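Welcome, and thanks for taking a look at this one with me. Below are some numbered notes to read alongside the structure.

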Amino acid sequence: MIELAFFITAFTTMFVVIDPFGTTPIFVALTQDMEASARRKIAIRSCLTAVFILIAFAAFGEAVLGFVGISMPAFRVAGGALLFLTALDMLFERRTKRRENRAEEEERPDPSVFPLAIPLIAGPGSIATIILLAGQNPGIPGIAAACAVMLAVMAVVFVFFLSGGLIARILGKTGLNVLTRLLGMLLAALSVQFILDGLKAFGFAS
């Protein structure tokens, strides 16, 4: 039986990593001057694409790691370090600027797959996170729990995309910046916990 604490921690981690508040303004910018129906289709395609990618990594990510000789404790340490770097980017606003640059690198009529699904939603951070979460509980229950948490977060992302313009107007640029920094602090603490769990599995920490 998977404890409720896992779902709360997992949801918080995945929510902070995917960062709907940071991704939504970019979605709004990429779909500006489009009709509501077109924005809705792009939101659906981008979220579904990201979901399939993350499910694939949740199901087969640990097997791929085992095939190349990487243990889950080692991946927890590496994943925690990657998430910590992401947290630093959020705290110092580098992540938002990098996302905006990615969005501007290649303008396409349909941005649902690139850059929205990859790498803004299903990027290195979210892929590492879902592999870590699936590995915390053995077997199919662990994969199912990680996927359920991811689907809950993706539902939030989809709702944010559909109401992106309203959210951006309500929070404003200052509100989004403050929220991003608060989420960055939370992610930094969670990433350190991942590293400590990995070290504990190796016997380096009590």
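**Notes on the model**

1. Let's begin with charges. Searching the whole structure turns up one salt bridge, meaning a side-chain nitrogen of Lys or Arg within 4 Å of a carboxyl oxygen of Asp or Glu. Its partners are Arg45 and Asp110, whose closest N and O atoms are 3.2 Å apart. Arg45 sits in helix H3 (residues 36-67) and Asp110 in the loop between helix H5 (94-105) and helix H6 (112-121), so the bridge ties together parts that are 65 residues apart in sequence. Side chains of opposite charge can pair when their charged atoms come close.

2. A word on how to read this. The model is predicted, so local features need pLDDT of at least 70 and side-chain atom pairs count only at pLDDT 80 or more, while totals for chains, interfaces and linings use all residues. Residues are numbered from 1 along each chain as its sequence is written, and side-chain values use heavy atoms, with hydrogens and water left out.

3. Helix H6 is mostly covered, with seven of its 10 residues buried. Among them are Pro115, Leu116, Pro119 and Leu120.

4. Now the overall fold. The protein chain has nine helices and zero strands; helices (H or I, at least four residues) and strands (E, at least two) are DSSP runs, numbered from the N terminus. The C-alpha trace spans about 55 × 30 × 30 Å along its principal axes. Of the 206 residues, 43% count as buried.

5. Contacts tell us about the fold too. Of the contacts in the protein chain with a separation of 6 or more, 86% are between residues 24 or more positions apart, where contact means heavy atoms within 4.5 Å.

6. Which residues have the most contacts inside the largest nonpolar core? They are Met14, Ile130, Met154 and Val157, in a core of 53 residues. Such a core is a set of buried Ala, Val, Leu, Ile, Met, Phe, Trp, Tyr and Cys residues joined through side-chain atoms within 4.5 Å. The largest share of this core, 10 residues, comes from H8. Leaving aside neighbours within four places in sequence, Met14 touches residues including Ile130, Leu133, Met150 and Val153.

7. Finally, the rings. The whole structure holds six aromatic pairs, which are rings of Phe, Tyr and Trp (its six-membered ring) with centres within 6.5 Å; planes under 30 degrees apart count as stacked, over 60 as edge-to-face and the rest as tilted. Phe11 and Phe15 have ring centres 6.0 Å apart and planes at 25°, so this pair is stacked. The two are four residues apart in helix H1 (residues 4-18), separated by about one helical turn. Phe11 is partly exposed at 30% relative accessibility, whereas Phe15 is buried at 14%.

8. Another pair, Phe202 and Phe204, is tilted, at 6.2 Å centre to centre with 35° between the planes. Phe202 is partly exposed at 42%, and Phe204 is exposed at 66%. Elsewhere, ring pairs link Phe11, Phe15, Phe21 and Phe160 into a cluster.

Terms used:
Buried < 20%, exposed > 50% of the residue type's maximum accessible area, 1.4 Å probe, protein only.
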